[in-house]
Amino acid sequence: MAPDTDSHASPANARCIEAATDTAPGTAGNTNTPTIGILYESDEWSDHKLARELRNALADEGCDAGVALVNMEAPDAIERALACNLLVSRVFASARFRDHDASLARMAHLVEAAQTAGIPMLNRGSAHRFEVDKQAATKALCAAGLDVPAVFACAEAHAIEGAALPYPCIIKPNCGGRTTHTAILRNAAEAERFLRNAPEGAFIVEEYIEPELGFLTRIEIVDGRAALAVKRSVAASGLSGYHEGSAYAPYANRSAALVADAELAARTLGFDFGSFDVVECARGRFFIDANSVSNVSEDCAELLGCDLMALHACVMAKRFAEAQACRRATHESDPQQPGPNERFASR
């Protein structure tokens, strides 16, 4: 795996962390206006919410910049993305089951192309790779000393033998999310039935960790820190998730150890932003899912009293402002270096 450009502004990368418009990069107003491109594939409410909040936060920081929404389903997505100066990835692993395979394919190419071009990405490219590979994320978290479920298999459905699995276990796509094609298997008959009807693609089979407290814990990461913790109830299916109808509640008395674990997990996977699902039980604090893209619905934002997309936007705008100031200082000391408002593509 190639090393990724660090999303924090460094002197070498500061010239690249800049922002832009609502339309195509460089098409509105001054073509030297720096551009932040938000990469999306499913047209979520949160994508547009982030764009609005980022525009406002940039204005609050005094930055002459705009924001471009880049549809990764569009044929020219990579070209548009490479015309930006900072990229924000909002391409979900679950894109695979919304017929958005093209977005995942383009993201794999763009991660490498942006790194080569010196365009920072939030999160960094390694984080997206963990987003789309649950087995890799689990191995990395285990190597960091965090509690994770045992992995019994990771292969195409036809290559998994139900009779050989320990029960109960949980099966889900290695690249997927939102509890799509996910099930708790309690015996070989259930496993064989699931595997017989499973779609193409690798599935990961893991130890099922019983949520002894009656809920899963969702930790939201902002700027590498645990910014929000919520309890998410377990649905009748035994699974927990928004699309399962789970209820959310604030988790004010979360432990310091849980927060420390979440922040270690974020550092391990390169998540400046994202979330983790954790099952707390007598055996430990088990990280059962890692998401490099945070999603939130309007009703949840109001319920929890935390505007997550606004928090993301404030951090992104602050980083941009610091990088722009660094670039301005570099230009003043060496006029041959690009100025703070020159577009990456013009160099």
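The following legends describe close-up views of a predicted model of one protein chain.

**Figure 1. The whole chain in outline.**
The secondary structure of the predicted chain consists of nine helices and 13 strands. Of its 347 residues, 56% count as buried. Among the contacts in the chain with a separation of 6 or more, 69% are made by residues 24 or more positions apart.

**Figure 2. An open sheet of four strands with parallel pairing.**
The strands of this sheet follow the order β2-β1-β3-β4. Strands β2 (66–71) and β4 (121–122) stand at the edges; each has a single partner strand, so one side of each is left without a neighbour in the sheet. Strand β3 (residues 86–90) runs parallel to β4, and two bridges join them. Within this pair, Val 88 stands opposite Leu 122 in β4. Helix α1 (residues 45–60) packs on the sheet and touches β1 (35–40), β2 and β3. The direction of helix α1 makes about 160° with that of β2.

**Figure 3. Arg 52 in helix α1.**
Arg 52 has its place in helix α1, the helix that packs on the sheet shown in the previous view. With a relative accessibility of 39%, Arg 52 counts as partly exposed.

**Figure 4. An open sheet of four strands with antiparallel pairing.**
The order of the strands in this sheet is β5-β8-β6-β7. Its edge strands are β5 (151–156) and β7 (183–185), each of which pairs on one side only. On average, neighbouring strands of the sheet are turned by 25° against each other, with direction ignored. Strand β6 (residues 169–173) pairs with strand β8 (residues 202–207) in the antiparallel sense, over five bridges. In this pairing, Lys 172 is found opposite Ile 204 in β8.

**Figure 5. Strand β12 and its pairing strands β9 and β13.**
Strand β12 (residues 273–281) is mostly covered, since nine of its nine residues are buried. Both faces of the strand are covered: Phe 273, Ser 275, Asp 277, Val 279 and Cys 281 are buried on one side, and Gly 274, Phe 276, Val 278 and Glu 280 on the other. Strand β9 (residues 215–222) pairs with β12 in the antiparallel sense over six bridges. Strand β13 (residues 284–291) also pairs with β12 in the antiparallel sense, over seven bridges. Strands β12 and β13 form a hairpin, with two residues between them. Ser 275 in β12 has Glu 220 opposite it, and its bridge partner in β13 is Asn 291.

**Figure 6. The salt bridge between Arg 232 and Asp 277.**
The closest N and O atoms of this pair are 3.2 Å apart. Arg 232 lies in strand β10 and Asp 277 in strand β12, so the pair ties together parts that are 45 residues apart in sequence. Are these two residues buried or exposed? Arg 232 is buried, with a relative accessible area of 4%. Asp 277 is buried as well, with a relative accessible area of 5%.

**Figure 7. A network of salt bridges around Arg 319 and its partners.**
The chain has 18 salt bridges by the rule applied. Arg 124, Asp 223, Asp 272 and Arg 319 are linked in a network of such bridges. Asp 223 forms a salt bridge with Arg 319, with 2.7 Å between the closest N and O atoms. Asp 223 lies in the loop between β9 and β10 (225–233) and Arg 319 in helix α9 (residues 308–333), so this pair ties together parts that are 96 residues apart in sequence. Asp 223 is partly exposed, at a relative accessible area of 34%, whereas Arg 319 counts as buried, at 6% relative accessibility. Arg 319 also forms a salt bridge with Asp 272, where the closest N and O atoms are 3.6 Å apart. This pair links distant parts of the chain: Asp 272 lies in the loop between α7 (256–269) and β12, 47 residues apart from Arg 319 in helix α9. Both Arg 319 and Asp 272 are buried.

Note on methods
Residues numbered from 1 in each chain as written. Predicted model: local features only at pLDDT ≥ 70, side-chain atom pairs only at ≥ 80, totals over all residues. Heavy atoms only, no water. Pairing = 2+ DSSP bridges. Axes fitted to C-alpha atoms, helices over the stretch in contact; angles between N-to-C directions. Buried < 20%, exposed > 50% of the residue type's maximum accessible area, 1.4 Å probe, protein only. Contact = heavy atoms within 4.5 Å. Salt bridge = Lys/Arg side-chain N within 4 Å of Asp/Glu carboxyl O.
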